[in-house]
Amino acid sequence: MKAKQAYDECERITRQQARNFSYGIRLLPTPKRRALSAVYAFARRIDDIGDGDLAREVKLERLENSRKQLHALDQHDGDPVLLALGDAAQRFGLPLGAFDELIDGCRADVLGTGYETFADLHHYCRCVAGSIGRLSLAVFKTADWARDERVADDLGVALQLTNILRDVLEDAVSGRVYLPAEDLRRFGCTLRLDGRGHFADGEDELVALLQFQAARAEEWYARGLRLLPSLDRRSAACCAAMAGIYHRLLHRMALRPRLVLRGRTSLPDWEKAFVAARALTGGVP
């Protein structure tokens, strides 16, 4: 299999499955678009293992197999995602160790790890989202990696906090609680469900908890969006589109937190396209 065919497959995966990120990725010039699609396709493979219906032991085994594949990309055996990722790693100097952190974060999901403090949750967010931020930064390129790596991490944390807020009910149904236990105690919440599949906590307490989490995420966006001036125009547009869609989603949840208690909040496709178009013209999320 040739590299072009492998990249084509990664781009197909990205178009079909990256419901938010694809709006930004398509704004990149071809070499960067293909490289970031390879990053996404491998990351998606890891996420799908963690989120799937397999037994815990099988998931853990498959995550470790993915780790082994990551460190032997020259032995891709016709796997298009591994072939494309290996080529992108050579062309862009991808920090592939960041994928190890993503795998560690997915292992925590599989093991049902809880988070006592925000510091604990921050470490998890850095693993599962900050890692992708660092890989993306290698594709975007920057004149000051040491400075911008930290900012990319911050933006990844903001995106993951938005995901956690969006999926709070869905995660509770699956038996997962990501919000820090110290915050739950502070607002008198448990995130337990009643017999109807609704939160058993008082609605006022839950709304206060969600508003607090939204304000915290907003602080991380303020840090992370400082990355944009360090990037070239097309890379900044990609980053602004991806972050802008999530940032807009956060605003919607902050304004109407009761919707979060009833299910996943999302943006319509036209609104995502509007954010991407605005990013391409230099609009700030």
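A salt bridge here is a side-chain nitrogen of Lys or Arg within 4 Å of a carboxyl oxygen of Asp or Glu. With that rule in hand, 2 salt bridges turn up across the interface of domain 1 and domain 2. Keep in mind that the whole thing is a predicted model.

Let's step back and look at the overall build. The protein has 14 helices and 0 strands, so the pattern along the sequence is simply α-α-α-α-α-α-α-α-α-α-α-α-α-α. Its C-alpha atoms fill a box of roughly 55 × 45 × 35 Å along the principal axes. How does the radius of gyration compare with that of a compact globule? For 285 residues such a globule would come out near 19 Å, and the protein has 19 Å, which agrees.

Domain 1 covers 1-96 and domain 2 covers 114-284. Taken over C-alpha atoms, the centres of domain 1 and domain 2 sit 22 Å apart. On the domain 1 side, 20 residues are in contact with 27 residues of domain 2.

What about the area between the two? As a rule, the size of an interface is often given as the accessible area lost when the parts come together. Domain 1 and domain 2 bury about 2000 Å² between them, and 68% of that lies on carbon and sulfur atoms. Within domain 1, the residues that lose the most area to domain 2 are N20, Y23 and L27, which together make up 33% of what that side buries.

On to the polar side of things. Across the interface of domain 1 and domain 2 there are 10 residue pairs in polar contact, counting pairs with both residues at pLDDT 80 or more. As for where the domain 1 side comes from, the elements giving two or more residues to it are α2 (21-25) and α3 (30-51). The largest share, 7 residues, comes from α3. Sorted by class, the side of domain 1 that touches domain 2 has 13 nonpolar, 4 polar and 3 charged residues.

In general, side chains of opposite charge can pair when their charged atoms come close. Searching the whole structure gives 31 salt bridges. Another links R44 with D48, whose closest N and O atoms are 3.2 Å apart. Where do R44 and D48 sit relative to each other in helix α3? They are 4 residues apart there, which means about one helical turn separates them.

Notes
Residues are numbered from 1 along each chain as its sequence is written. This is a predicted model: local features need pLDDT of at least 70, side-chain atom pairs count only at pLDDT 80 or more; totals for chains, interfaces and linings use all residues. Side-chain values use heavy atoms; hydrogens and water are left out. Domain bounds come from an automatic or database domain assignment. Contact means heavy atoms within 4.5 Å. Buried area is the accessible area (1.4 Å probe) that two parts lose on being put together, summed over both. A polar contact is a pair of N or O atoms within 3.5 Å; within protein, one must be able to donate a hydrogen and the other to accept it, and residues adjacent in sequence count only if both atoms are side-chain atoms. Ala, Val, Leu, Ile, Met, Phe, Trp, Tyr, Cys and Pro count as nonpolar, Asp, Glu, Lys and Arg as charged, and the others, Gly among them, as polar. The radius of gyration is taken over C-alpha atoms; the globule rule is 2.2 Å times the number of residues to the power 0.38.
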